[in-house]
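Dear colleague,

Here is the structure I promised to hand over, with its sequence. My notes on what turned up in it follow below.

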Amino acid sequence: MTTPFPQTFPATRLRRLRQSGWIRNLTAESVLTPADLIWSMVVHDGDEARIPVSAMPGLERLNVKEAAAAAKRAAKLGIPAIAIFPHINPDRKDEDGSESLNPDGLIPTVIKAMKDAAPEVGIICDVALDPFTSHGHDGLIDETGYVLNDETSAVLLEQALLQADAGADIVAPSDMMDGRIGAIRSALEENGFSNTMILSYAAKYASGFYGPYREAIGSATALIGDKKTYQQNPANTDEALREVAMDIQEGADMVMVKPGLPYLDIVRRVSETFALPTFAFQVSGEYAMIQAAAQNGWIDGERVMMETLLSFKRAGASGVITYFAETAAQKLGG
Ligand code: PBG
């Protein structure tokens, strides 16, 4: 076997480059900065300032005022963007998720409040119906519970237009319907939003790691069945490349791989194959596992947080969507 590096000991002692902090820093292949972080933030439509989410220790749902204050902190910390996820009053949910199209709803209200507070921070909005439907699915369902593709896309493009109109910089379809990126892109173009960016949740897997998120947005008890007829099979990797290729062709500016840590191989393949901005989502279950083990004293939580965030950069991600964004940015001295 030939190797590009003749590694003869003692001429080569790899430990020489590990002997102290300064040389380790100097030779580091990846770096993590606050500019790599997208703050994943849950907002709610009630009066209470902050409501803890028990399955995600340390995470609180914020009301509109708190969310605006958080946007100011993001700006100070050098966090470039915030991704907002809504928890709405269950009385406002219905079969069709019609609250998603309310121009005075929670998301448009939060976008405006955040943009007023910190216009320099990018706002990313999830395009999907699950926070708004009584059944907890990302789209419209037929009488058998099957999620309808084209009918759902037709609503999603309206939702995306509403978000763009309220001031969202990036719309991020997370629903996994076929063809929705194209539908949203044409709708944006036709309605004067040609600069609105699309970050597609292109390779999104049907994952158990989203468990705590259901409590966070209040769809825990609602979900009927699972999402395996639209989200990807965790067994597949070629399929992720087809998903990404399609979304790029339909007009996505950036793509996401989700969940994060169990899918680093997908982050690597996507970023190498397509060479476009590729983000990883460190999802609720990943956050919860780290927090739970840390609370039990089984791991050093901060250390593991930073190690996982860096691993996304090492795998080729342009950045990470994470519930740890504020804590990590503080630690990075942002
Ligand atoms: C759904 C959506 C989900 C998440 C973001 N958008 C859940 C799902 O697909 O079931 C998960 C986020 C997380 O777990 O942190 N549109």
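Two rings of Phe, Tyr or Trp are taken as a pair if their centres lie within 6.5 Å, and on that basis Phe-85, Tyr-201, Tyr-213, Phe-281, Tyr-287, Tyr-323 and Phe-324 form one aromatic cluster. Please keep in mind that this is a predicted model.

Aromatic contacts

The structure holds seven aromatic pairs. In one of them, Phe-85 and Tyr-213 have ring centres 5.8 Å apart and planes at 90°, so the pair is edge-to-face. This pair links distant parts of the chain, since Phe-85 sits in strand β4 and Tyr-213 in helix α6, 128 residues apart, and both residues are buried. Another pair, Tyr-287 with Phe-324, is tilted, with 4.7 Å from centre to centre and 45° between the planes; here Tyr-287 belongs to helix α9, while Phe-324 lies in the loop between β10 and α11, 37 residues apart. Tyr-287 and Phe-324 are buried too.

A charged side chain also meets the rings: Lys-258 lies over the face of Phe-281, at 4.9 Å from the ring centre, and over the face of Tyr-210, at 4.6 Å from the ring centre.

Salt bridges

A search of the whole structure finds 14 salt bridges. Among them, Arg-73 pairs with Glu-326, with the closest N and O atoms 2.6 Å apart; Arg-73 lies in helix α2 and Glu-326 in helix α11, so this bridge ties together parts that are 253 residues apart in sequence. Arg-73 counts as partly exposed at 29% relative accessibility, whereas Glu-326, at 18%, counts as buried.

Arg-185 and Asp-253 likewise meet in a salt bridge, at 2.7 Å from N to O, which links helix α5 with the loop between α7 and β8, 68 residues apart. Arg-185 is buried, with a relative accessible area of 12%, while Asp-253 is partly exposed at 34%. Finally, Arg-50, Glu-60 and Glu-66 are linked in a network of salt bridges.

Helix α3

Helix α3, covering residues 106–117, has twelve residues and reaches 16 Å from its first C-alpha to its last, close to the 16 Å expected at 1.5 Å a residue. Its buried residues include Leu-106, Ile-107, Val-110 and Met-114, and also Lys-115. The buried residues of α3 pack against β1, α2, β4, β5 and α4; α2 is the helix in which Arg-73 lies, and β4 is the strand that holds Phe-85.

Key: Residues are numbered from 1 along each chain as its sequence is written. This is a predicted model: local features need pLDDT of at least 70, side-chain atom pairs count only at pLDDT 80 or more; totals for chains, interfaces and linings use all residues. Side-chain values use heavy atoms; hydrogens and water are left out. Helices (H or I, at least four residues) and strands (E, at least two) are DSSP runs, numbered from the N terminus. The expected span of a helix is 1.5 Å times one less than its number of residues. Buried means under 20% relative accessible area, exposed over 50%, partly exposed in between (1.4 Å probe, protein chains only). Contact means heavy atoms within 4.5 Å. Rings of Phe, Tyr and Trp (its six-membered ring) pair if their centres lie within 6.5 Å; planes under 30 degrees apart count as stacked, over 60 as edge-to-face and the rest as tilted. A charge sits over a ring if NZ of Lys or CZ of Arg is within 6 Å of the ring centre and within 35 degrees of the ring normal. A salt bridge is a side-chain nitrogen of Lys or Arg within 4 Å of a carboxyl oxygen of Asp or Glu.
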